[in-house]
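Thanks for coming. I will go through one structure today and keep it short.

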Amino acid sequence: MDENAERIVPKIVTSRIGLDGSHTLETYLATGGYSALRKALTSMTPEEIQAEVMTSNLLGRGGAGFEVGRKWSMLKNSPLRYLVVNGDESEPATFKDHMLIEGDPHQLVEGTIITAYAVGAARAFIYIRGEFALGLERVQRAIDEAYTYGALGRNIFGSGFSLDLVVHPGAGAYICGEETALIESLEGKRGYPRIKPPFFPAVIGLYGAPTIVNNVESMSNIPWIVNNGGAAFASLGIGRSTGTRIFALAGHVNRPGNYEVEMAKLTFRDLVYKPEYGGGMRMGRGVKAFIPGGVSAPWFGPDQLDLPLAQDDVAKAGSMLGSGSIVMMDDHTCMVRAAWRITKFFNRESCGQCTPCREGSGWIEKMMRRIETGAGRESDLDMLLDACDNIAPGLSWPPAQTTICVLGPSIPSSVVAGIRMFRDEFLIHIKEGGCPYGR
Amino acid sequence: MSGFNPEMRTRAEKICSLYPQVRSALIPLCHLAQEQAGYLSEDLMEEIAEMVGVTPAEVYGTASFYDMLHTEPVGKYLVGVCTNIACLLQGGEELLEHAEAKLGVAPGGTTEDGMFTLEDMECIAHCNKAPALQVNYRFFGPVDEESFDELVDDLRAGRLVGDVPSHGTLIREERSAPIALSIDEVLAERALSDAAIAQRKAQVQS
Amino acid sequence: MADEITFILDGKELRAEPGELIIAAAERNGVYIPRFCYHPHMPSVGVCRMCLVEVKGPRGFALSPSCYLPVTPGMEVVTDSPKVKKAQNGVLEFLLVNHPLDCPVCDKGGECPLQDQVLSYGPGESRFVEEKRHFEKPIALSSLVYLDRERCIQCDRCTRFASEVALDPLIEFVGRGDHTEVATFPDHPFASYFSGNTVQICPVGALTAKPYRFKARPWDLDQSESTCTACSLGCRISVQSSRGEITRYLGVDSEAVNHSWLCDRGRFGYESTNSDHRIVKPLLQGRDGAFEVSWKEALSKVATLIHNAKKNATPVAFIGGAKFSNEGIYSFVKLAREAIGTGLIEARVEGDVSPSLIFGTNSATINQVMDSPLIVVSSQDLKEALPVLYLRLVEAKRAGARIVELSEIATEISKISERISISQLELAQYLEGKEIDSSRSEQLSKVLDELGKLESPSFVLGRASYGSNSNVVERISASLLSKVPNMSFLHVMGSANVRGAYEMGAVTGYSYGRVESDLPTHGANGVIDILELAASREILLFVLDEDLGSSTLPSDLVNRAFEMSTVVAVASLTSQVTNVADVVLPVVASGEYDGTTTNIEGRVTRISARITPKGLSQEPSVIANEIAREIGVDLGKYESSEIFQDIVANCLTFSNLTYNMLSSGRFADGVVVPLSSTEVSLKKRRKLDPVATPGLLSTEKVGPAITYIAEEDAKPFATEQNRRPSAVSLSPSVDVDINPSRPGLKRLVVEKPLYAPNSQLDASDAMKELASEAVAFVSPSAIDSNFEGSSIILTRDDGKRVEVGYAIDDSLREDVVKLRIGVNYDVLNIVDPLANATFVTLGDK
Ligand SMILES: Cc1cc2nc3c(=O)[nH]c(=O)nc-3n(C[C@H](O)[C@H](O)[C@H](O)COP(=O)(O)O)c2cc1C
Ligand code: SF4
Ligand code: FES
């Protein structure tokens, strides 16, 4: 750690956040904006860009953590290909894309154009969560400015490469963050995830054409990688977890917020307690549990605080870094209530296609609410676990599933973690007929 | 019949031209319809159906999937209080209860004067400002009881008109850049995507 | 199949067809995987998750939907592991979470896939103690279909059927997650010709059909397999009854014809069998109207009429009978030709094509058409005429076929085809060598070239309009045959058994067995001539269960004919004919008789009696025989099976067929005559899946004709004799006055909608309100801007005029008026049924 402490870790995606007018073309150009696009279009072939991204080992920032370069290389050959940027960010307690979309839309647009060039897309779409009204406005403005500036449209920067980029608003449905549901939604339909196989977007995506879907933060990394090279990116971090990553820290910390840090070099504890990051737990309380990667992820307890912020280490410990959201819960938190609220979320957001997810989420939510409000029975706990098992057989991580998409098997994460880690607390609710924390 | 007014119709047609397959414009057009009428009236859904080449039932079916699209009238201001985990931990539920008391309606309800509709919202990605809320999808947070009351009073008094347009207006920024593809290129893209769609359908043919 | 692949199912190596889904391949190999959303005739969606099995992938075995994954070579599948069982159990328990469990009051109780699969694969008990989801009780989706949302399990079958199979996306899922429900757009009913299929495939009791609701319990039902006689397609049906009343028709999954679907007109047509519009006793016309008499009195009256006619040399004529079975129409042909000695018997009331066309060309089977990469259609709107054929076309289209429609007006077929805008008259002329504009001529010649290159080229051909005679159709076929000699035709025809009527000799100029007849016809050829004859002098006219007043015939002519002649109506329902007839003889209706029928392909299938005939009504063969006996002639055979033997003996095209053969499993889908050497008609039936069509297997007693298992030794393969029809040369008259005599005239295209009203529709409570008024569709430019009111006057050059409501249709050519038949049949008087085309001018009132 010591030699690293001296090294200056660059801000790769958040360098402009906080600058005046960070969302404007003016600021963007003044801080080196569009130089990567110029470089890419005038001095690099699509294959060279793909090679750099492959070298960088950039892991997708949307949740699944799949290597971006590898995904690009899997895109099926076809006269028609699309690029769709996933800006639907709705995973609870995740708010990093929100910041990038509003705070640095040109960086997103630039990354998108470079990617479209690299993967040979006929057109690109940025799908932005409908609730991000300001973000939609900012990205639309950025796109218009990019056209005027010559970074979009016909013959970009005289390179012969042309691209149209369209910003597309969502309309309020978490499931549309799932890439195939997002595609259905972009096709003007109900956001129903498609079955994989055969509907891997890289093979059969938007309108049936091969399609790359990448997350906003993933895209925002591309200009830096093109400018500095994949190797420079890969030199940050450890092992497969390269570069920097934004962690959205929320819950009972003194300084909730987005922190871009080098991957794998810090631990959860560092992030929560260091003054430049979380600044410690609220009111100096202890950590009861935390969610390491969005509410789809199984919970961790204080014992896991010293795990590094690295994809594989977290996976090995039985959870995931997922969407990059970390929710801290202090020792005054009712874990039954926390788990119930997460179940309620999944119940509301299940698209409704799969029986286990549609009906299971509702049933589990009702059982959880009953327990939380003191009307539970001891046998409910086994019943809960069994209902969860019928959605995610085996209740292991990564989960097996009886459903089409991973929303289904995400439902059990918090319920199972809650019961496994805090069975006593569930039992107190049941025996005392209510919540010991006063609700 | 009260479908799109002429200005909105022009904007709607422009939106349709942004997609190789016009059905893709369905949701953007629903937002546009809400901008005009505050919600999706039957007439507007029928006009959207005609514009994107589907039945009104398909527009209704699609729109009803999405929380932001309302097929019944809502208040001028849609107040969505987040109660998901990060806000819950910081008092989101209590804030919602306060909001219910202050506005005198339960979540889903609209005040009698038609000014406010209250919603219990899922995470709005403003967790660093928990407990947070949105009014017509404009962010506020952290919000406590006093600042909530103040916000409501300001909205009532019209002091936030510039920041918070009335319900339905989502994107005040209209696209100015025309599509660079030529008509022929668009048609070629449409033909290719038509073929890809047909192939996709054949994929699930029994 | 040559390129079958092998895979491993539960440790056993089995065969599958390439692309076959696991669930289907397993089923063919005897392993039934439970399911809800899967339906063999719809695209899979894989949502209910009931069919999960373990499939080995790169990361070991994983639960996968067997209804979605095709078998791949060497694939390893496990259907019976504890993991699979637990998943099935779990899905069923989840499905019951919000299900009301109101089985005792549910129409589906007793034949419910949910109930049955819970029994076989499900949890012993429900652990769910929470409050269930509540919806307001059944709502009407249309006048025919009701929805109980609490019972719905969101399998997407009805909505998928509507959008993918019928292309009527009028019902959709609305809401999300566990608030998802099926709904129409507010105030837009589920007005689909095919809505009843959604009831048939609903795997729970969420969708119910108004005519069946609360009528019976499944365990009270008896069934017989039969053939629908609502149109000439011949869909296979199960006729189900309870306590002597028909309770419903279900579509049977015939590979050859209907793939389990029915149209609503066919499905709910049985309401007329049960209705009080039925004629249940013989009637004689008296001074104060009709009065009931015994059969004896009625028959002796008929005999007297025949004797008098003979004595006075009054012509005796028979019109209709195309809805009868082969046996029924055959008996009347014998009565007419052999007992009475008249050649005036004509079943082609809708003016179908001349016998030379049917006898002189090869018929294409439906499957031959559907399996073709290029399908060419020139006919009236098939969705109106042969609705289930339209569904087959939609299916063929989805599977990749290219459909080309030759039509001057846009039809429902246009939506799934490339349309070349050309009228049949122009097409005939083009084929005969006349020049047309280069772009269409180029398109047409390309299509014809492609057709010519196909191994078995076929053409779907029928009259495009009731506004012209059928000569044009004959011209088109003659020319097509000279260009593509191996062309076969799927002839679009009118009434159910009109094709059989040709074979049975109920057409002027021919007798049964395709033998020309020289019995006297008084110069008449076809129904119009016979009516003209009847209008010009007294004749004795038998009307064989045909509602002439509600047909495409000009009502003026029908009325004049009735005024002059003595009418004997053989009828099942009250109609204008029975009101004016001197004698009315009650005949059986659908569901009440046994026999065979012949569809447009020439497919001979069984019709089965399910209930005893209403009142004193009799089978047509019995009526014909009794009349013959009354005039002193013994026609011999009464039982339909015996009559069928007689038919086989007398009609070469039917040789080798037996009645029993058609009742057996292997040939339950019928046999196509004339028999071809390739026997395309013998596509094997799929094994019956109780979840695909609930209510077929669950129904207790299986009626006389229905059997799914019996095999039959007989082989109805072609012999030298019966393979090819006798050569009949097509010699249509060419190019007579088909062009308007002066500019400004508009040609009438007359279309008959599915819900064209008639006595049968009137007798159906649920469907009668679906009939509408006649409408003239005109192009916007054809209408004077100062026209007032909602109706216009159509005037013929000879001064004949009618008034009719009109609507603007943007897609219409300026020189065409599309007249859609409706309640007010009088407007058809504007049509000159013998002309090659009818031209009119438009005027304001
Ligand atoms: C239920 C569900 C919700 C998801 N939501 C998001 C989201 O909001 N944003 C996102 O980028 N990815 C989301 N994903 C992941 C996407 O499916 C996809 O993996 C991702 O957009 C790929 O981008 P990346 O490779 O750049 O990470 C979600 C996945 C699931 C199953
Ligand atoms: S798992 Fe849930 S969210 Fe995902 S497709 Fe199935 S029902 Fe929809
Ligand atoms: S998921 Fe296969 S039958 Fe429903």
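I will start with how to read the model, then cover chain A, a ligand and one arginine.

This is a predicted model, in which local features need pLDDT of at least 70 and side-chain atom pairs count only at pLDDT 80 or more, while totals for chains, interfaces and linings use all residues. Residues are numbered from 1 along each chain as its sequence is written, chains are lettered from A and ligands numbered from 1 in the order in which they are written, and side-chain values use heavy atoms, with hydrogens and water left out.

Chain A first. Its C-alpha trace spans about 75 × 50 × 35 Å along the principal axes. Of its 439 residues, 69% count as buried, meaning under 20% relative accessible area with a 1.4 Å probe, protein chains only.

Now ligand 2. How many residues surround ligand 2? There are 13, and the closest are A:Cys351, A:Cys354, A:Cys357, A:Thr403 and A:Cys405. A residue is counted if one of its heavy atoms lies within 4 Å.

Last, C:Arg160. Is C:Arg160 buried or exposed? C:Arg160 is buried, at a relative accessible area of 3%. Apart from residues up to four places away in sequence, C:Arg160 touches several residues, including C:Cys37, C:Met42, C:Pro43 and C:Cys155; contact here means heavy atoms within 4.5 Å. With C:Cys155, the backbone oxygen lies 3.3 Å from a polar atom of the C:Arg160 side chain. As for C:Met504, 344 residues from C:Arg160 along the chain, the two C-alpha atoms are separated by 42 Å.

Terms used:
Buried < 20%, exposed > 50% of the residue type's maximum accessible area, 1.4 Å probe, protein only. Polar contact = N/O pair within 3.5 Å; in protein donor to acceptor, adjacent residues only side chain to side chain.
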